[in-house]
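Here is a briefing to read beside the sequence and the model. Keep both in view and find each residue as it comes up.

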Amino acid sequence: MGKSCLMFFLPIMLLAETVIEGRVTNEKREALEGVNVFLEGTLDGASSDENGNFKFKTQETGKYNLLIRMMGYKESREELYLEGKPIEVRAILKEKTLKSEGVIVKASSFTTGEENGVTLTPLEVLTTPGAAADVCWAIKSFPGVQHVEEGAGLFVRGGEVTETKFLLDGANVYHPYRYESPTGGFFGTFSPFLLKGTYFSSGGFGAEYGNALSGVLSMESQDLPSERVISLGMGLANFSVAGAVPLGDKLGVNFSGNQSNTKPLFDFNNIEDNFTEYPFSYDLNLNLGWRYSEKGLAKLFFFREKDNVGVSLQDPTWGGNYYGTENSNLYNLKIDHALSDNSFLKFNISRTDFGKDMEITAGEEYVLDLSNTDEINQARVMLEKQTWMFLKVGGCLEQRKSYFEGFVPSEEDTLDPSVPSNHYDREYKSYIGSIFAEETSFFPYNLSLTSGIRFDRDSKSAKNVFDPRFSLSWKTTDEITLAFATGKFHQFYEPWRYDPDYGNPELDPMDARHYIISGTWENDGGMIRVEGYYKDYEKLMKDDDSLNYVSSGFGYARGVDFFIKKSFEKIEGRIAYSYLTSERNWQDYAGLFPPDFDITHNLSAILNISLTSSFQIGTKYMYATGKPFTPLDGEFRSERLPSYRTLDLSVFYLHSFFTNNLTIFYFSVNNVTDRDNILGYHNGDKNQPIESSYGRLYYFGVSFQM
């Protein structure tokens, strides 16, 4: 009887099976690889291959929506009627409007959520006025990032610069800036042309990311090149060469080399400077890709960077010279493997070497002479699976070694030669182990809920932390989305902070809680987004006379971010505004006071106009409230610096001299009005202002691609 039933139903089952296949391209008709194609509400789907092709079978019948999704592109939705006949689909995905959600887990394989954060392409970084083709500078033009110093440091929603985590292909990057300083550095380390996309979240990020209190900047390197491209670039302060070379059907390499020398820039602009050695840097990059099977891609990324600078220091009470040099190496192997049509395994193993030498002299006397080396080894694995929900499970093991040799003044934030010195000759080692799990469930009425848990343990402090995180999204109409997110976030200190002589072995990890609510309106012509947030800080580090440091500090940050973007046929404009109130009782503070990065108002307005298909002009205006400071013989942090304002202009001209050639000529003027922005006062004395390192600044160059 059972066999008879099977033979009876088998022809019906075969008739009901539908084959769905097709191809996905962008608007330029270029194949898109790794696009997620699936039937809504089912497990049936596939990912497009390197030629943009996909194919899968389903036994479903009736009407179903075929969803086609990829990060950075607008979703394509097509209604299909399944009745056992083959179906062929040709889909063209359009690039998606930039946006900054900050509350929903970033879209990945087979997810039905929206992308979280700001997703930037290399071209968008290049054409942001005033960004100097730097990823971090471009992100500073979006809400949630405070303008604290004239540099690339990302201060996110009342958080210190060290509270933003950087990753490249899943590998943690602990030194993401060039010419490092306590406020980050003047430029980001990685060129946008090495990247296929950059993802930034200003808060409420998922359990996948840990050891960060405020923000996440995650970068993905280029995949296998589809065609050979060589480009040369030359500007007033830099020279570069880059290329993408396919090596057969399954191998390919992307490479670049850059050299930067700022002396011609300062000479051309007649800028009076105090450099004893002009800032100089170079970097070399190699990204080798191997498609070892139809289901897997391996990428080996190598990066080397070195920079140095010498500066004459002038203080009202003494004079001296600073010299610093940095070098960094990153090796990262990443493997993405499709276990099935609806599950993916992502693995990476990385090693980072970083070295920094600093010297400060007053006459012939050394005030500071310190060498620091860091070595970071990491292994990370994550499984993504789409069933009736979207699931992420993973873990990471990280080893960090730090070595210090030399001496520094015993009092922080002073370089007075009369201050005694602390001498160092020590090595520190720590391990951080992490596991996380996160799921996104989808409900009727366009509701989605993401919940996750993360566990981290630090061997140096012997502390364990558990971080639950939640976000809820409700798409009320096709154009309006409401969202809420909350979660707990921890961050461990550098290993040397637990030194029994100079730190405290009992320090607890820093703690922050995020509460975020947002509303977004978006259509094909533009987007408006308003987001309010509150962050509660606990266990911040405070100075202590007997224990050096204790974990009794606390604080808060609250604010509102506003973003509007509108695109017309040849005009694109966007306005980003952030309101922030932040106070902390930490370090040597005697109570709750605004820190340096409490910048009340931040405004950035950008307008790009395409005068022709080859000629584009852009401008950016930036305004930021002055940071708080303690005036001479005044109350602690009772006044603010004058507001910071700049107006930047950029011009791009594209031309093709021959087939397959693209040449970009660019010209920019930073600080068009030649405003003297004040960055601080020596010892709080208003008669001793620290002014911007430059006034009006001209820059130009050319990029030649063949």
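Is arginine 400 buried or exposed? Arginine 400 is buried, because its relative accessible area is 12%, and buried means under 20% relative accessible area, while exposed means over 50% and partly exposed lies in between (1.4 Å probe, protein chains only). This is a predicted model, in which local features need pLDDT of at least 70, side-chain atom pairs count only at pLDDT 80 or more, and totals for chains, interfaces and linings use all residues. Residues are numbered from 1 along each chain as its sequence is written, and side-chain values use heavy atoms, with hydrogens and water left out.

**Arginine 400 and its surroundings**

- Arginine 400 has its place in strand β25, residues 389-409. Strands (E, at least two residues) are DSSP runs, as are helices (H or I, at least four residues), and both are numbered from the N terminus.
- The side chain of arginine 400 makes a polar contact with the side chain of aspartate 374, at 3.2 Å. A polar contact is a pair of N or O atoms within 3.5 Å; within protein, one must be able to donate a hydrogen and the other to accept it, and residues adjacent in sequence count only if both atoms are side-chain atoms.
- The charged end of arginine 400 also sits over the ring of tyrosine 174, 4.4 Å from its centre. The rule is that NZ of Lys or CZ of Arg is within 6 Å of the ring centre and within 35 degrees of the ring normal.
- Leaving out residues up to four places away in sequence, arginine 400 touches residues including His175, Glu375, Tyr428 and Glu494. Contact means heavy atoms within 4.5 Å.

- Methionine 389 lies in strand β25. Methionine 389 is buried, with a relative accessible area of 16%.
- Which residues does methionine 389 touch, not counting residues up to four places away in sequence? They are Glu439, Thr440 and Ser441.
- Methionine 389 and threonine 440 are 51 residues apart in sequence. In space they are 5.7 Å apart, C-alpha to C-alpha.

**An open sheet**

- Four strands form an open sheet in the order β3-β2-β5-β6, with antiparallel pairing. Two strands pair if DSSP finds at least two bridges between them.
- β3 (45-47) and β6 (76-82) stand at the edges. Each has a single partner strand, so one side of each is left without a neighbour in the sheet.
- On average, neighbouring strands of this sheet are turned by 15° against each other, direction ignored. Axes are lines fitted to C-alpha atoms, for helices over the stretch in contact, and angles run from 0 to 180 degrees between N-to-C directions.
- Three bridges join β2 (residues 36-39) to β3. In β3, alanine 46 is the bridge partner of valine 37.

- Six bridges join β17 (residues 229-235) to β18 (residues 238-246), and the two run antiparallel. A hairpin joins them through two residues.
- Glycine 243 in β18 is the bridge partner of isoleucine 230.
- β18 pairs in the antiparallel sense with β19 (residues 251-261) over nine bridges. Asparagine 238 stands opposite serine 260 in β19.
- The hairpin of β18 and β19 has four residues between the strands. There, glycine 248 takes a positive phi near 90°.

**Two asparagines with positive phi**

- Most residues other than glycine have a negative phi.
- Asparagine 211 has a positive phi of about 55° although it is not a glycine. Asparagine 211 lies in the loop between β15 (195-201) and β16 (215-221), and counts as buried at 17% relative accessibility.
- Asparagine 671 has a positive phi of about 55°. Asparagine 671 is found in the loop between β39 (662-670) and β40 (678-681), and counts as buried at 3%.

**Aromatic rings**

- The structure holds 28 aromatic pairs. Rings of Phe, Tyr and Trp (its six-membered ring) pair if their centres lie within 6.5 Å; planes under 30 degrees apart count as stacked, over 60 as edge-to-face and the rest as tilted.
- Phenylalanine 166 and tyrosine 177 form an edge-to-face pair, 5.5 Å centre to centre with 75° between the planes. Both are buried.
- Ring pairs link Phe155, Trp586, Tyr589, Phe593, Phe597 and Phe636 into a cluster.
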